[in-house]
Amino acid sequence: MTPAQITRTPGRHGHATELRSAARRLVSGPGRRRFLTVTGAAAALALTVGLPGAGTAAAAELDARRITEDPFTLGVASGDPLPTSVLLWTRLAPRPYEADGGLPARRVEVRWEIARDERFRRIVRRGTATAHPEFGHSVHVEVRGLDPDRGFHYRFRAGDWTSPAGRTRTAPSPGARNSSLTLAAVSCQAYHDGYFTAYRHLADEDVDVVFHLGDYLYEYAVTAAGGARAYTDRVLPAHFARETVTLEDYRMRYGLYRSDPDLRAAHAAHPFVVTWDDHETENNYAGDTPENDVPPEEFLLRRAAAYRAYWENQPLRTPQRPAGPDMRLYRRLRFGGLAQFDVLDTRQYRSDQAYGDGWQVPGPESEDPARTMTGAAQERWLLDGWKASDARWNVVPQQVTFARRRNVPAGVHKLSMDSWDGYPASRQRLMDGAEAAGIENLMVLTGDVHVAYGFDLKADFDDPESRTVGTEIVTTSVSSGKDGSERPANWDNLTRANPHLKFYDGRRGYTLVTLGTRQARADFRTVPAVTTPGAPVGTAASFVTEAGDPGLTPA
């Protein structure tokens, strides 16, 4: 079934009747809320939403010389650096605001090259890749045979068109005695809440890799004026003024986001390691449970569409390519002997939020030991990875606040049921596992909350004098929440209620983390405004934590 055939017979929420029927088979039989496997009806759904035929060229070929408009409007990106390999990405879209990107449903041959120098005089690898219409004409090239710990320049060609050039870098060799690594942490970039000014500044930073911790895209409607951007020089198409539900919706929304010049600049400047949170699909979904009361098959269709569009528009490798509503996003990256990164997915496998979600008084439901944030398989994978790790720093890039966060300093307190506070048994299993594995330098990287936090992770959050077993660096949003403020309304309550909270700032920006053999340093970078373009960047605060002696202290 082709995408054109799919859209001719809409069911509820614009989905084709055929898709809804396929998704319904996924949740029929015993255990409707079971996690789906890539068999049977799941494979049927993956095929129904239009994948290239296995081992075949599913679509006719388009001569790239017939493309009359620039197909590289969404820029270039690289990601998931390994010691001898890096993933290169682009997506052909002469008209990024259109469902088909302005190209016919034909495959296109794209040439790529990677060089040691910015003038491309010393080419080290080159080749061709196919941009399939079934994958939104996206291109994912896994370049192999590169030297470790080295910078490279890359670009693509399609017909007579040449993409902007990008810079990337391979990781150090597994046994390398590297003494320093600088990363940036970013999250939460609601287009309708403001400009991506932070990305323009991040493009100029000297970092080895960028970790995106989720909410790369928001499903909410965007007005003709771009929401808080208040455009006066353009009018966005009307189809952005609705929530994303279908594959075409999500593809066009990525076209809107990735057409932003500041975001394109950051992707071209640095390799990214990405993981999602909720808004790439739907606000606060949990596993296969949607936020709103819709039939399970409806949500699984939406999740399949969202996951498919996410892979199409991110620099992700083949193992992360989804099958229907399932996608293995958690993965491990190693940067020499200095750092191991265990990238988590805290959405796809979690138990439903307790007590109806939101901030609630904790109780038996939230404290049920059977509840999980990661799912059993991902939890085992993480704990086993820690047991085998000999890295100086073990870093966990993930989505939602890990440390305990009470809302008031006295009396009956509430906790966020969407964060790890709503899954305390799951959190404790990880903390116990880190201790059992002898992990001395644990750092959690977090996004989600549109503010910057610096936490000490305590062996017992009820006892401020208990051992500090790690640190958590929470990066603020790029634009979500609009301009923000240095001290949000709950600043006093939150800082008094949580003595392990060492820093709190509510402005937009990003965070730089430099890992060394003796200490790690976090620089919280902020911009004063995102509702107007061009704001300057500054450092709100800097903290260090010593190797072997965790705990944040002002730098």
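A salt bridge here is a side-chain nitrogen of Lys or Arg within 4 Å of a carboxyl oxygen of Asp or Glu. All views show a predicted model, in which local features need pLDDT of at least 70, side-chain atom pairs count only at pLDDT 80 or more, and totals for chains, interfaces and linings use all residues. Residues are numbered from 1 along each chain as its sequence is written, and side-chain values use heavy atoms, with hydrogens and water left out.

View 1. The salt-bridge count comes to 37. Asp505 pairs with Arg507, and their closest N and O atoms are 2.7 Å apart. Asp505 is buried, at 2% relative accessibility; buried means under 20% relative accessible area, exposed over 50%, and partly exposed in between (1.4 Å probe, protein chains only). Salt bridges that share partners also join Glu113, Arg126, Arg155 and Arg157 into one network. In another pair, Asp492 and Arg496 have their closest N and O atoms 3.2 Å apart. Both residues lie in helix H10 (residues 491-497), 4 residues apart, about one turn of the helix. Helices (H or I, at least four residues) and strands (E, at least two) are DSSP runs, numbered from the N terminus. Asp492 is partly exposed at 42% relative accessibility, while Arg496 is exposed at 51%. Arg467 forms a salt bridge with Glu435, with the closest N and O atoms 3.3 Å apart. Arg467 sits in the loop between E19 and E20 and Glu435 in helix H9 (residues 424-436), so this pair ties together parts that are 32 residues apart in sequence. Arg467 is partly exposed, at 49% relative accessibility, and Glu435 is exposed, at 53%.

**View 2. Helix H9 and its surroundings.** The 13 residues of H9 reach 18 Å from the first C-alpha to the last, close to the 18 Å expected at 1.5 Å a residue. The expected span of a helix is 1.5 Å times one less than its number of residues. Buried residues in H9 are Ala425, Ser426, Arg427, Leu430, Met431, Gly433 and Ala434. Their cover includes helix H8 (376-388), E18, E19 and E20, where contact means heavy atoms within 4.5 Å. Just after H9, Gly438 has a positive phi of about 75°.

**View 3. Helix H7.** Of the 17 residues of H7, 16 are buried, and the helix is mostly covered. H7 (residues 296-312) should span 24 Å at 1.5 Å a residue, and its end C-alpha atoms are 24 Å apart, which agrees.

View 4. E14 (residues 339-343) is mostly covered, with 5 of its 5 residues buried. In a regular strand the side chains alternate between the two faces of the sheet. Ala339, Phe341 and Val343 on one side of E14, and Gln340 and Asp342 on the other, are all buried. Strand E13 (residues 331-335) pairs with E14 in the antiparallel sense over 5 bridges; two strands pair if DSSP finds at least two bridges between them. Phe335 stands opposite Ala339 in E14. E13 and E14 form a hairpin with 3 residues between them, and Gly336 in the turn has a positive phi of about 60°. With strand E16 (residues 393-397), E14 pairs in the parallel sense over 3 bridges. Val395 in E16 is the bridge partner of Phe341.

**View 5. Contacts of Asp215.** Asp215 lies in the loop between strand E11 (209-212) and helix H5 (247-258) and is buried, at 1% relative accessibility. Leaving aside residues up to four places away in sequence, Asp215 touches Cys188, Gln189, Asp277, Asp278, His279, Glu280 and Asp448. Asp215 and Gln189 are 26 residues apart in sequence and 6.4 Å apart in space, C-alpha to C-alpha. The side chain of Asp215 reaches the backbone nitrogen of His279 at 3.1 Å and that of Asp278 at 3.5 Å. A polar contact is a pair of N or O atoms within 3.5 Å; within protein, one must be able to donate a hydrogen and the other to accept it, and residues adjacent in sequence count only if both atoms are side-chain atoms.

View 6. His450 is not a glycine, yet has a positive phi of about 65°. His450 is found in the loop between strand E18 (442-446) and strand E19 (452-458) and is partly exposed, at 23% relative accessibility. Lys482, also not a glycine, has a positive phi of about 60°. Lys482 is found in the loop between strand E20 (468-474) and strand E21 (484-485) and is partly exposed, at 42% relative accessibility.
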